[in-house]
Amino acid sequence: MLCLAVAFLHTPVLAAVAAEETPLVAYGARIAGDKARTRIVIDFDRKPDFQVRYIAKPDRIVVDLPATAFGFAADDLAAHGLFEDIRYGAIDASSARIVLTTAKPARLVLSEIQPDETGKGFRLVLDAEMATDAVFASLVKGQVWEQAAPASVTRGDRVEVPNPAHSGDFVVAVDAGHGGIDAGATGAASKAVEKDITLAFARILAERLNKEPGIKAFLTRDKDDFLSLSERVTLARQGGANLLVSLHADTLRQANIRGATVYTISDTASDHMAAALAERENLSDDVGGVARTTEPAEVTDILIDLTRRETQAFSIAMAKSVVSSFEGQVALINNPHRYAGFQVLQAHDVPSVLLELGFLSNKEDEKLLLDEAWRVRIADLLTEAVRRYRAPVVANGG
């Protein structure tokens, strides 16, 4: 009987089922071409299904795959030709993604699966060629994203959050921007990525805040995980946060611009730079494969609207507290309090600010962002800002 059972397990049908349940293996990759045409070839052990999408600002070509183990060396798929950055990895337990950031607008003129001549498997062939801005814009506009809601996607273990109902503490959600496949900006000189810088600083800030009597802080992510913008807001609300601080370190085309900036939410942007930054940050969900949705109908309720207005006033008060704490101590951009429609700041009942610690496109800022002593100093100043903001809020029963 045992022999029969072993033999049964090796039937072709069960072997096929087992293969479907295991991740694909991408065991080889290569890239060649120039800034007019570039070809990418990826070798798989089995035939993969795939889907191509386009994302703007920055321009990216996204290839969605089933669960895949990427077994080739990173240098085999180093950015080249039309692509200035290439990233790949898991989205969740059942899917993976390749994100190709283009140096200029580009489109795929060929994207197909071909059998390997040796019979070892299949290869994905992607042929890209340069395109006009208008052509790329039409590709972005003409597609439909079909993605499960964030709540149905497994993102891994979450950070334990305090229960403010029992502690009575002032709770701060510290949000390290970007993460996982969404790496954010890249340093001009060091090539350090924004997601690592924000996480390192978030850990220091949370640790510093937790030393303050009456203040408890928690991280929305404590590892290199992708979180959608709505997940970040939901985690803050579920943790009973009295304040959300989202941390970022962006890049600008003007390398001479430097300094910290604090943003609050507004339907109308304070300036073109704030509007452009909000647009880039709001595309974070696209990189992670999360469909953007319209604002829920509940915001039309007059009580919700009144709460939102009060929350916005508190957010502005926190922004002013940060600027006051930083002035004379830290380099600030001109007009350091700005505002725009950041989705991560959209909680109607949680005062929220987005802090650009500095710009990775500026050499002086980049050096400071990577300096441990500077991070501790900024964390202390931010803690002072939270302490100053908290005092009247607690006194008024907020």
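Here is a short tour of this predicted model, stop by stop.

Residues are numbered from 1 along each chain as its sequence is written. In this prediction, local features need pLDDT of at least 70 and side-chain atom pairs count only at pLDDT 80 or more, while totals for chains, interfaces and linings use all residues, and side-chain values use heavy atoms, without hydrogens or water.

**Whole chain.** Start by showing everything: 47% of the 398 residues count as buried (under 20% relative accessible area with a 1.4 Å probe, protein chains only; over 50% is exposed, and partly exposed lies in between).

**Two helices.** Next, select α5 (residues 194-209) and α11 (residues 372-395), which pack at about 50° with their axes 9 Å apart. Axes are lines fitted to C-alpha atoms over the stretch in contact, and angles run from 0 to 180 degrees between N-to-C directions.

**Lys57 and Pro58.** Now zoom to the cis peptide bond joining these two, with omega about -5°. Pro58 sits in the loop between β3 (51-55) and β4 (60-66).

**Two positive phi values.** Pick Lys191, in the loop between β10 (170-176) and α5. Lys191 is not a glycine, yet its phi is about 65°, and the residue is exposed at 57% relative accessible area. Finish at Asn335 in strand β14 (residues 332-340), where phi is near 50°. Is Asn335 buried or exposed? Asn335 counts as exposed, at 54% relative accessibility.

Conventions: Helix = DSSP H or I, 4+ residues; strand = E, 2+ residues; numbered from the N terminus.
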